[in-house]
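Dear colleague,

Please find below the structure that I am handing over to you. My notes on what was found in it follow directly after it.

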Amino acid sequence: MTQADEAGITLTAKDDASDQYLTFIMADEEYGVDILSVQEIRGWEPTTVIPNSPGHVKGVINLRGTIVPIIDLRQRFGIASLDYGPTTVVIVIKVCVGDEHKVIGIVVDAVSDVFSVHHKDLRDAPDFGEETDLTFIKGLANLADKMVILLDIDTLLNSEVLPEAAQLSNIINTIDAESTQAISA
């Protein structure tokens, strides 16, 4: 979206731009992925296990002729596993791996909602030093009175080093504390 100022210079109205995110729950925290990467949401179903695959790879499913690897995002983040229940879902997403597009399913506790997030409302993740790679976090946003971690799903699923669940909770607590201080100031 662009507009021209009085001098005839074209400005980009980035502050007015927004993206939509599908949010989901894992371990009482809420995360979001760009809705444009989501192909479908499915209930949990057993997978075909692949020998010698990492623990977070639950196996593969055949989705209308396409073999889709299924990744348990709880295990990928180092969060304690739960038995899959009626709210457990697989979010089938398209990711960019190098120059190639792949379809991958991520297992999450439950789907929450779809939100529009204005670019101006996106906050950067706090800096926890070089030993913590947070490049897979696109940003943080306050949505419906809760903090949501917006994930860059391409970076997330291409990354081998992810922070522990405690670090992710610490990010949210740090941002919540900063928001509370800003409001009371």
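**The aromatic residues**

Phe24 and Tyr31 are both buried. Please keep in mind throughout that the model is a predicted one. The ring centres of Phe24 and Tyr31 lie 5.8 Å apart and their planes meet at 20°, so this pair is stacked; the cut-off for stacking is an angle under 30 degrees. Tyr31 also pairs with Phe77, and that pair is tilted, with 5.6 Å from centre to centre and 35° between the planes. Which parts of the chain does the pair of Tyr31 and Phe77 link? Tyr31 belongs to strand 4 (residues 29-34), while Phe77 sits in the loop between helix 1 (73-76) and strand 8 (89-97), and the two are 46 residues apart, so the pair links distant parts of the chain.

Tyr31 has a relative accessible area of 1% and is therefore buried, since the limit for that class is under 20%. Phe77, at 2% relative accessibility, counts as buried too. Phe24, Tyr31, Phe77 and Phe136 make up one aromatic cluster. In total, 4 aromatic pairs are counted.

**The chain as a whole**

The secondary structure of the protein chain consists of 3 helices and 12 strands. The chain has 185 residues, of which 39% count as buried. Its accessible surface comes to about 10400 Å², and carbon and sulfur atoms account for 49% of that surface. Among the contacts between residues at least 6 apart in sequence, 57% join residues that are at least 24 apart.

**Residues brought together by the fold**

Asp113 is located in strand 10 (residues 110-118). Is Asp113 buried, exposed or partly exposed? Its relative accessible area is 39%, so Asp113 is partly exposed. Asp113 and Leu22 are 91 residues apart along the chain, yet their C-alpha atoms are separated by 5.9 Å. When neighbours within four places in sequence are set aside, Asp113 is in contact with Tyr21, Leu22 and Thr23.

Ala125 is found in the loop between strand 10 and strand 11 (137-143). With a relative accessibility of 25%, Ala125 counts as partly exposed. Ala125 and Gly139 are 14 residues apart in sequence, and their C-alpha atoms are 5.9 Å apart in space.

**Two residues with positive phi**

Ala27 is not a glycine, but it has a positive phi of about 50°. Ala27 is placed in the loop between strand 3 (18-26) and strand 4, and it is partly exposed at a relative accessible area of 29%.

Arg64, which is not a glycine either, has a positive phi of about 50°. Arg64 lies in the loop between strand 6 (57-63) and strand 7 (66-72). The relative accessible area of Arg64 is 67%, so this residue is exposed; the class begins over 50%.

**The cavity**

How many cavities of 30 Å³ or more does a search of the whole structure find? The search finds 1. The largest cavity holds about 40 Å³ of space. Its lining is formed by Arg42, Gly43, Trp44, Glu45, Thr47, Ile61, Ile70 and Val90. These lining residues divide into 4 nonpolar, 2 polar and 2 charged.

Yours sincerely

Terms used:
Residues numbered from 1 in each chain as written. Predicted model: local features only at pLDDT ≥ 70, side-chain atom pairs only at ≥ 80, totals over all residues. Heavy atoms only, no water. Helix = DSSP H or I, 4+ residues; strand = E, 2+ residues; numbered from the N terminus. Buried < 20%, exposed > 50% of the residue type's maximum accessible area, 1.4 Å probe, protein only. Contact = heavy atoms within 4.5 Å. Phe/Tyr/Trp six-rings, centres within 6.5 Å; stacked < 30°, edge-to-face > 60°. 1 Å grid on protein atoms, 1.4 Å probe; cavity = no way out; pocket = protein on both sides within 12 Å on 5 of 7 lines; lining within 4 Å. Points joined across faces, edges and corners; volume = space filled by probe spheres on them. Nonpolar A, V, L, I, M, F, W, Y, C, P; charged D, E, K, R; others polar. Areas by Shrake-Rupley, 256 points an atom, 1.4 Å probe, with all protein chains shown as cover.
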